[in-house]
Amino acid sequence: MRNCAILLSGGGSNMVKLVESMGEAGHPARPVLVMSNDPEAGGLAKAQAMGVATDAVDHRPFGKDRPAFESELTARLEAADADLICLAGFMRVLTEGFVRRWEGRMLNIHPSLLPKYRGLHTHARALEAGDAEAGCTVHEVTPELDDGPILGQARVPILPGDTPDALAARVLIREHALYPACLRRFAAGERQPLYLA
Ligand code: GRF
C-alpha cells in the first residue's frame, strides 16, 4: 500500500477526484496528507471534509529561500510517512534537490498535450496557435519543468469560439478522469502510458 500525499495551491478539484478514487476497492494507494503552500487554499477545506489530514507551509515567509521552504515540506511529508506525491495544481517551482529526493515517486498533471506548451497559459497558447485540439498530461516529475516520462494523456477538441476559460473547463473534466487512472496504475507499478480516447 502506497502512502500518497497531494500538494495543491488552489481549489483542489483534482485532489478531490484522487482522494475519491483511492477509496475504491483494491486501490494500491491511500491518501495520507493534503498540503498547500497557501494556508487559505480552498482544497484544504475540501480535504478536511473528506477526512484527510491537511497541512500548510506558507511559502511567503521563506522569500527566495526555496530549499528552506522545501525542507519544511519534506519534514511534513516524512511525518505523514508519505512515499508517493501527486502535484495537483501546485503552483510553486520545485528545486532539483527536492525533485531528486522524490524522483520516481512524484507525479504531476499539466493542462496541455506535452511536450507542447510547457509552463503557464497553456490553453491561451493552444488557441493562439490555432490548434485543433488541447488536453492534459500526467507525467513523472523530473528536474526539468513539465518534462518527465509521460504516464497518460487525454485529448479535447478545440471548438470554434473557444476561450481559454471554456477550454480549461473542458480539459479539467478530462483531468478528473485521467489523473486517478494514472495514479492507480503508477501505484500498482505499471508504467505503460494511458491514452484516454
Ligand atoms: C488544473 O488545471 C491542472 O491542470 C493545473 O492546475 C489546475 C488544478 O486545478 N495543474 P484544481 O486545483 O485541481 O481544481
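Mentor: Happy to. One term to begin with: a salt bridge here is a side-chain nitrogen of Lys or Arg within 4 Å of a carboxyl oxygen of Asp or Glu. Keep in mind that this is a predicted model.

Trainee: Okay, how is the protein divided?

Mentor: Into domain 1, covering 1-102, and domain 2, covering 108-197. Their C-alpha centres lie 20 Å apart.

Trainee: And how many salt bridges are there between domain 1 and domain 2?

Mentor: The count is 1 salt bridge. Glu24 pairs with Arg184 in a salt bridge, with 3.4 Å between the closest N and O atoms.

Trainee: Which elements of domain 1 give two or more residues to the side that touches domain 2?

Mentor: Strands S1 (2-8) and S4 (84-87) do, along with helices H1 (13-22) and H4 (96-102). H1 provides the largest share of that side, with 6 residues.

Trainee: What kinds of residues are on that side of domain 1?

Mentor: They divide into 12 nonpolar, 5 polar and 5 charged.

Trainee: Switching to area, how much is buried between the two domains?

Mentor: About 1,700 Å², and carbon and sulfur atoms give 69% of that. On the domain 1 side, Asn14, Leu87 and Val99 supply 29% of the area buried against domain 2, more than any other three residues.

Trainee: How many residues are in contact, then?

Mentor: 22 residues of domain 1 are in contact with 16 of domain 2. As for polar contacts, 6 residue pairs are found across the interface, with both residues at pLDDT 80 or more.

Technical notes:
Residues are numbered from 1 along each chain as its sequence is written. This is a predicted model: local features need pLDDT of at least 70, side-chain atom pairs count only at pLDDT 80 or more; totals for chains, interfaces and linings use all residues. Side-chain values use heavy atoms; hydrogens and water are left out. Domain bounds come from an automatic or database domain assignment. Contact means heavy atoms within 4.5 Å. Buried area is the accessible area (1.4 Å probe) that two parts lose on being put together, summed over both. A polar contact is a pair of N or O atoms within 3.5 Å; within protein, one must be able to donate a hydrogen and the other to accept it, and residues adjacent in sequence count only if both atoms are side-chain atoms. Helices (H or I, at least four residues) and strands (E, at least two) are DSSP runs, numbered from the N terminus. Ala, Val, Leu, Ile, Met, Phe, Trp, Tyr, Cys and Pro count as nonpolar, Asp, Glu, Lys and Arg as charged, and the others, Gly among them, as polar.
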